[in-house]
Amino acid sequence: MEDKNKDYIIELKDVCKQFGDNHVVEHFNLYVKRGEFITFLGPSGCGKTTTLRMIAGFELPTSGTILLNGKDISLLPPYKRPINTVFQRYALFAHLNIYNNIAFGLKLKKIPYEVKVVDKERINELKEEIKMLRDELNNTSCTDQRSEIDTKIVDMQNEIIELKKNPSFPVTKFRHFTKKEIQEKVRNALKVVDLEGFEKRDISTLSGGQQQRIAIARAIVNEPEILLLDEPLGALDLKMRKEMQLELKEMHKKIGITFIYVTHDQEEALTMSDTIVVMNDGFIQQIGKPKQIYDEPVNAFVADFIGESNIYTGTIAPNNQIRFLNKYWDGDPVDFPKFQVNEKVDVVIRPEDFILGLKDKGTVNGVISSKIFKGMHYEYIVNVLKAEVVVQSTSELEEGIEVSLRVDPTNIQIMKKPYVSNFYDGYITKDYKIEFANAEFNFDISLLFAGSKFNEDEVLVDENGNEIEVTDMEVNVEVPFEALNISDDLDASEINGNIISMIYHGEYYEILVRTDEEEDFVLNVPDLWNENDRVAVIVDETKIKVTRKGAKK
Amino acid sequence: MEATLKQKRKTSRFNFRGSLCMPYAVFMALFVIAPLLLILYYAFTDANGVFTLDNWQTVFSSPENWKVIGMTFVISISTTIICILIAFPIAKILSNKKLNKNAVLVYIFLLPMWINFVIRTIGLKSLVDGATESMFGYKLTVNYPYIAIIIGMVYDYLPFAILPLYNQMLKLDKNQIEAASDLGANPFQVYVKTIIPMTIPGIISAATMTFMPTMSSYVIANKMSNNTTLIIGNLIQNYFGTRVTDISNHIGSVLSLVMLIIIGFSIVFEKLIDKKGDEKKGGIW
């Protein structure tokens with residue numbers, strides 16, 4: 001167990017972070033191996049930077065622990081952590097030149113060293129003993145004994161002289177680096193980032209890429225155990241960014257320390273990382289090697305975020321088949337044991353995995369509606385009924401012609417739908433309405449109680465005519481996707497929220513709307529909306545399903 | 001073709017933007033340059049308008065004047081230092097968005113400036129005297145006029161020190177402060193190594209904004225010392241205001257030139273400290 005723990009340089013255990021009522025990071029569990037290049041990947045606002053800042057110490061977790069080499073550092077201030085950060089906007093000190101920028105951490109650092117001092121304790125002990133022996137000497141008259149004691153005393157005196165001459169007692173002291181050491185280290189750091197001889201220059205004379213390198217040099221010169229990089233290449237242009245990606249990877253190999261990298265650029269993450277942590281909405285979606293995450297995304301979000309994907313809603317059919325795009329497709333048999341026949345699933349197929357063929361030679365036919373030349377290949381959009389299929393192919397085909405599509409069974413990824421319907425806790429109000437998500441809805445309460453009906457006074461009674469007390473009774477509410485619609489007219493409904501995520505499913509978008517009270521609504525809409533749009537959620541009351549909580553008579 | 005046309009237009013057309021400077025130039029000539037020339041003229045002439053250096057000799061041969069000039073300098077420097085020491089933490093607090101929502105606190109600190117300067121000073125004098133009389137049994141303005149003058153000046157010029165520092169601190173890069181702490185600086189080192197160096201332009205503005213007016217003001221010294229203690233401003237006022245002799249305004253001119261030179265040197269001195277801060281100047285200058 002001990003040895004196993006030693007492999008992990010940093011461990012995050014059930015870390016949560018809240019800003020006010022806003023849950024930014026939730027139940028974050030991560031174990032990072034020594035020397036690993038790990039990337040937090042996710043859209044903006046997914047909590048990746050906050051997690052990084054908690055590791056650096058700029059934010060303290062609301063709950064959970066962060067262990068560094070097995071020691072709890074959750075509440076340690078940043079300056080006491082052996083961790084350095086490369087900031088997104090470089091954050092170089094404008095009042096210092098390059099040398100002093102890089103030397104900043106070194107000048108503050110105190111390093112332990114061992115010195116040998118005279119062991120005073122032992123000397124005092126010996127002196128004490130000599131005194132005792134002398135007393136003894138005065139009290140004895142036996143010559144033999146006297147000479148014996150005498151030699152003992154002489155030995156001890158010699159030992160004292162020896163101790164005084166050669167200090168041997170080790171003591172740990174702290175010192176600052178000497179100027180020469182600092183110069184040497186700064187020169188080496190500049191060498192690592194390929195900016196030798198820049199010591200005397202001013203920060204303002206550097207280009208963006210050079211400033212970025214100085215920021216990296218300033219961090220690695222302190223020889224941290226972990227280097228944190230917060231979207232360090234975000235401000236560079238594309239070409240520069242590609243170069244720096246490779247250089248960073250190279251640097252990681254050379255220095256051998258653990259890198260924790262934050263980015264929203266999936267390509268960057270795939271290029272550089274040993275391990276990718278895909279995050280969304282404060283939760284870890286998937287942890288894995290780049291190839292694993294690309295080939296086997298665990299859910300539609302990951303598939304959509306990493307690379308291009310076609311995502312459809314499918315139904316599991318018997319004989320290892322899946323039905324989507326109105327056809328039965330052969331799937332990979334190993335995928336099926338997890339699912340039940342007729343279960344609704346998300347189906348993900350990469351554009352390069354579709355195989356175009358002549359009409360009627362594949363699983364489904366479609367019409368090429370657009371063609372874009374992408375250098376290495378053509379990208380086609382094929383219309384299959386109402387759905388769109390994005391296909392990448394090296395062969396050139398004309399727009400408007402009818403083609404067939406097929407997919408190798410192993411390239412069809414099937415995953416559980418994260419949301420199949422919306423479920424809420426609600427209760428019955430005084431006037432026999434259902435309240436949930438801070439809004440009231442009409443529902444025929446008598447359906448919940450067998451044999452009950454409303455009498456002439458509009459009071460709910462059972463078959464014997466006795467009133468049934470239902471006010472504040474808790475109920476389960478299910479709102480299917482079809483019952484929901486959204487509108488940008490915020491007065492259209494009492495429920496207002498922001499669009500948190502949006503995933504294209506070929507024919508429609510699956511949209512997640514979150515209200516200010518943290519209630520989520522998932523729905524499907526045909527049109528494109530924008531993330532973070534404020535919308536009103538319109539609920540079709542006739543489609544709500546309500547059941548009594550825990551009561552199954 | 002286009003270029004030549006443009007050039008033609010430039011030379012032939014009346015320069016409208018340049019002409020906007022005209023009122024300012026006239027203003028400067030009338031109210032800054034002309035009076036300066038007049039002071040220069042008076043300082044080097046006698047009552048009959050003949051060139052002489054006697055005025056300078058009169059001023060500098062009097063040990064009384066030396067003492068006044070020296071004391072003025074001491075008072076101004078102490079006021080400036082005290083103002084900055086007080087203003088720095090205040091500005092830091094004001095620039096904290098959490099503590100100072102909507103910058104309301106800034107207005108509260110600047111509010112005293114809305115009250116007439118003289119009334120404020122007289123009010124302060126009664127307050128200070130009242131306090132020391134009840135506590136120690138004497139009036140501060142009578143027993144320790146210099147201390148009273150410094151208190152008055154600090155009180156009156158503190159807002160001028162707070163504003164430029166506050167402006168500078170608003171511009172502080174939070175990332176740089178975090179970077180310092182990330183690199184191992186404890187909170188005290190963060191202050192010494194980043195926050196103070198980064199606010200130097202503001203500190204210099206604040207110093208200039210307090211040093212210059214304290215050098216030339218005389219109302220505060222007058223009120224806070226019951227007209228018993230002179231600083232250079234009072235001296236000049238006396239020479240120009242009372243006109244005891246024919247040449248008193250000539251001597252007053254010499255004194256104002258001396259003051260000008262001291263202020264000029266102080267600005268040069270500040271510029272030397274701030275030689276790096278050209279582009280990222282904060283505050284008011």
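In this predicted model, helix H10 (residues 174-182) of chain B packs with helix H11 (residues 187-198) of chain B at about 160°, their axes 10 Å apart. That makes H10(B) roughly antiparallel to H11(B) (the word is used for angles over 145 degrees). Axes here are lines fitted to C-alpha atoms, over the stretch in contact for helices, and angles run from 0 to 180 degrees between N-to-C directions. Helices are DSSP runs (H or I, at least four residues), numbered from the N terminus.

Who touches whom? On the H10(B) side there are Gln176(B), Ile177(B), Ala180(B) and Ser181(B), and they meet Val190(B), Thr194(B), Ile195(B) and Met198(B) in H11(B). Contact means heavy atoms within 4.5 Å.

Now for another pair: helix H7 (residues 117-136) of chain B and H9(B) have axes that come within 10 Å and cross at roughly 135°. That makes H7(B) oblique to H9(B).

| Helix pair | Axis angle | Axis distance |
|---|---|---|
| H10(B) and H11(B) | about 160° | 10 Å |
| H7(B) and H9(B) | roughly 135° | within 10 Å |

Then there's the largest pocket, with about 750 Å³ of space. Of the 23 residues lining the largest pocket, the closest to its centre are Lys92(B), Lys174(B), Ile177(B), Glu178(B) and Ile195(B). Helix H9 (145-170), H10 and H11 of chain B each supply at least two residues of that lining.

A few ground rules: residues are numbered from 1 along each chain, and chains are lettered from A in the order written. In this predicted model, local features need pLDDT of at least 70 and side-chain atom pairs count only at pLDDT 80 or more, while totals for linings use all residues, and side-chain values use heavy atoms, without hydrogens and water.

How values were computed
Angles under 35 degrees count as roughly parallel, over 145 as roughly antiparallel, 65 to 115 as roughly perpendicular and the rest as oblique. On a 1 Å grid over the protein atoms alone, a cavity is a set of points where a 1.4 Å probe fits but cannot get out, and a pocket is an open set with protein on both sides within 12 Å along at least five of seven lines; lining residues have an atom within 4 Å of a point. Grid points are joined across faces, edges and corners, and a volume is the space filled by probe spheres set on the points.
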